[in-house]
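Hi,

Here is the structure I promised to pass on. Have a look at it first, then read my notes below.

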Amino acid sequence: MTKYLLLLFIGLAWGQSLNFKNNDKTIKIETGEKLQINNIKYNLIGTDYSKQYVIVKKHNSQIQDTLRFDSVVSFKYYEKSIRSFASSVLKCAKYGALFGAAGSVIDGEIKYGFHWTVAYSIIFGITGSMGGAIYGILIPIASEQIILEKEGWYISE
């Protein structure tokens with residue numbers, strides 16, 4: 001029984017999320033999520049608030065690193081949000097429509113009528129928006145770089 005309690009305590013200590021707080025906002029980064037600390041990309045493994053360090057793994061690598069709280073100067077976090085989804089859909093639809101219209105003009109379809117240019121714009125715009133939707137769902141967008149002490153942010157439990 002004590003062995004399981006010890007494993008539970010170790011799991012709680014090592015598997016904690018990382019919380020950045022400001023006066024009115026909290027950013028919570030769960031274990032396994034991507035983040036950028038001091039301009040280096042990492043995946044969060046865990047946080048030990050009692051010893052004040054963060055355990056991270058370098059992104060696309062197996063190298064683990066332990067960072068003290070006071071060594072963290074700046075950070076970026078990655079989020080999948082409605083804002084990133086909508087902007088990806090709109091951007092890809094716009095470029096798809098432009099490429100469809102340009103392809104129609106280059107291909108010579110304009111001599112068969114202006115309606116082919118409009119049709120190609122619609123078809124490629126729809127295709128681009130579907131690609132943008134997939135991109136917006138799968139790829140998170142990085143936040144602006146936040147400087148801890150200068151902007152009032154700090155690491156807290």
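This is a predicted model: local features need pLDDT of at least 70, side-chain atom pairs count only at pLDDT 80 or more; totals for chains, interfaces and linings use all residues.

Numbering runs from 1 along each chain as its sequence is written, and side-chain values use heavy atoms, with hydrogens and water left out.

Leu18 is also among the residues that touch the most other members of the largest nonpolar core, alongside Phe20, Ile27 and Ile29; the core has 20 residues. (Such a core is a set of buried Ala, Val, Leu, Ile, Met, Phe, Trp, Tyr and Cys residues joined through side-chain atoms within 4.5 Å; buried means under 20% relative accessible area, with a 1.4 Å probe and protein chains only.)

Now the rings. There are 4 aromatic pairs (Phe, Tyr or Trp rings, the six-membered one for Trp, with centres within 6.5 Å; planes under 30 degrees apart count as stacked). Phe20 and Phe75 have ring centres 3.7 Å apart and planes at 5°, so they are stacked. Phe20 sits in strand E1 and Phe75 in strand E7, so this pair ties together parts 55 residues apart in sequence (strands are DSSP runs of E, at least two residues, numbered from the N terminus). Both Phe20 and Phe75 are buried. Ring pairs also join Phe20, Phe75, Tyr77 and Trp153 into a cluster.

Cheers

Key:
Buried means under 20% relative accessible area, exposed over 50%, partly exposed in between (1.4 Å probe, protein chains only). Rings of Phe, Tyr and Trp (its six-membered ring) pair if their centres lie within 6.5 Å; planes under 30 degrees apart count as stacked, over 60 as edge-to-face and the rest as tilted. Helices (H or I, at least four residues) and strands (E, at least two) are DSSP runs, numbered from the N terminus.
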